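This briefing covers one protein model.

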Amino acid sequence: MESGTSPFIPFFLGLAITSGLLVPILLRLRSAVGEARAEKEAAGQQSAQLKRGHAALQEDLRFLTQFLKDYPRLARQLYGGLSERQIPGELLAIVQRSLDPQQVAVLIRRPEVKGEKSRAPCLVVAAAYPDGAAVKVGTEVPLDTGEIGFAAESQIDVNRQDLQAETAQSRIKPDPGLPGMPQPDLISPLVFDQETLGVIVVAKPRKTGDPKAALRLVAQTGAQVLHTANQVSRMKLTAEMDGLTRIYNRKHMEQALNELVYRAACAAYDQRSAGQAQPPQSLSVFLFDIDNFKNYNDTNGHLAGDKLLQELAGLVNQSVSKDDIFGRFGGEEFLVVLPQANATQALAAAERIRSLLANHPFPFAEKQPLGCISVSGGVAQYPFHGLDAAGLLLASDEALYKAKRSGRNRVLRADAVAPAPSVAPGGAPEPQRP
């Protein structure tokens, strides 16, 4: 073999050069494969998240679709002419059916009353589920503290996540919460025209979907219905109130008395039909007017007379029982309907009113013929002194004028009327047994 350059040298040189080029390429390929695998795993995770998110959205959509299908029926229930007292219970039933919560309470803002400025504004539990739960109807919750107060004052719908947010925590004032209910998961305020009328509080809704959106819709509808019922109640009350004295007017008093007499007649008829002994009816009226009122007006002027009527009405209104109905029957004449009193009890109540007024220091009372502001009145009981509302009023009016003729400043019992055949309410006379 001839000496000189080995034929393998070029081969090894080429191999070295090729290896130098291939190694980086292989390393880059390995890195690319790793990145591809990582991207695939990330894509898989994103896909799983998207699937879960899609499933949640589908569930929300199904829940809201079903809720919206039911909503017209729910709205008809709310707009069915309910009174202010009935609305909280209906809202409670709707939330119960829609969200199937473990607990729910409907709170209504307590109306402000003149002369009670010292009382802090608060919400009052008007309805609670389940019945007999630890949350008691009538429980008061401050309007400016706690999570419920925060939702009511901020007028925003909140869930547990919202309440735990840092911004909310900084604004919520410490408060023990609603007694008998765990931390609420949802709170929706009843807001109408920027005024908070109440709140709906829900703990542990068992239906999936978007309960916050559903509760918001219920609360918005409930606020509108509550406002409407409040306005209707005010209009009705205004129509039934005497403009000067702010007590019931004659129209309301006659309607109330007619209704009470009808109920008493129905109850008595049902008892007779069942062969039961008839207890004495507990329904009486006290009709009275101010003695020598014309003299008071002529002496002191009609403005003073109006003020006297206002002051007298206020005194009597504060003194009658919560079950009694008191109103102005015309001019200086007033009527008290006592649904739970017989004639003896009514006469005692009438005497207390007479004495209260005779001893009250009304302006210019000393100028009156009797040296005081006095009243004369008559008491009558159903059915002994009258078989209907008109008969009761006539009997009490006759007793009133007998009191006038007897010297004024006194109340007398009416004379009994002769018994009449028993009549079924709204029907013909009941046949007499032989």
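How many helices and strands does the secondary structure of the protein come to? The model, which is predicted, has 11 helices and 11 strands.

**Overall make-up**
- The protein has 434 residues, of which 39% are buried.
- Of the contacts between residues at least 6 apart in sequence, 66% join residues at least 24 apart.

**Helix 2 and helix 6**
- Helix 2 (residues 86-99) and helix 6 (residues 211-239) have axes that come within 11 Å and cross at roughly 165°.
- Angles over 145 degrees count as roughly antiparallel, so helix 2 is roughly antiparallel to helix 6.
- The crossing of the two helices is right-handed.
- On the helix 2 side, the contact is made by Ile87, Leu91, Ile94, Val95 and Leu99.
- These residues meet Pro211, Ala214, Leu215, Val218, Gly222, Val225, Leu226 and Ala229 in helix 6.
- By class, this contact has 12 nonpolar residues, one polar residue and no charged residues.

**Largest nonpolar core**
- The largest nonpolar core has 30 residues, and those touching the most other members are Phe286, Phe288, Ile290, Leu312, Phe326, Phe334 and Leu357.
- At least two core residues come from each of strand 7 (284-290), helix 8 (293-300), helix 9 (302-319), strand 9 (333-338), helix 10 (343-358) and strand 10 (375-381).
- Helix 9 gives the most to this core, with seven residues.
- Leaving out residues up to four places away in sequence, Ile290 touches Leu308, Leu309, Leu312, Glu332, Phe334, Ile373, Ser374, Val375 and Lys404.

How values were computed. Residues are numbered from 1 along each chain as its sequence is written. This is a predicted model: local features need pLDDT of at least 70, side-chain atom pairs count only at pLDDT 80 or more; totals for chains, interfaces and linings use all residues. Side-chain values use heavy atoms; hydrogens and water are left out. Axes are lines fitted to C-alpha atoms, for helices over the stretch in contact, and angles run from 0 to 180 degrees between N-to-C directions. Helices (H or I, at least four residues) and strands (E, at least two) are DSSP runs, numbered from the N terminus. Angles under 35 degrees count as roughly parallel, over 145 as roughly antiparallel, 65 to 115 as roughly perpendicular and the rest as oblique. A crossing is left-handed if the near helix is turned anticlockwise from the far one by less than a right angle, and right-handed if clockwise. Contact means heavy atoms within 4.5 Å. Ala, Val, Leu, Ile, Met, Phe, Trp, Tyr, Cys and Pro count as nonpolar, Asp, Glu, Lys and Arg as charged, and the others, Gly among them, as polar. A nonpolar core is a set of buried Ala, Val, Leu, Ile, Met, Phe, Trp, Tyr and Cys residues joined through side-chain atoms within 4.5 Å. Buried means under 20% relative accessible area, exposed over 50%, partly exposed in between (1.4 Å probe, protein chains only).
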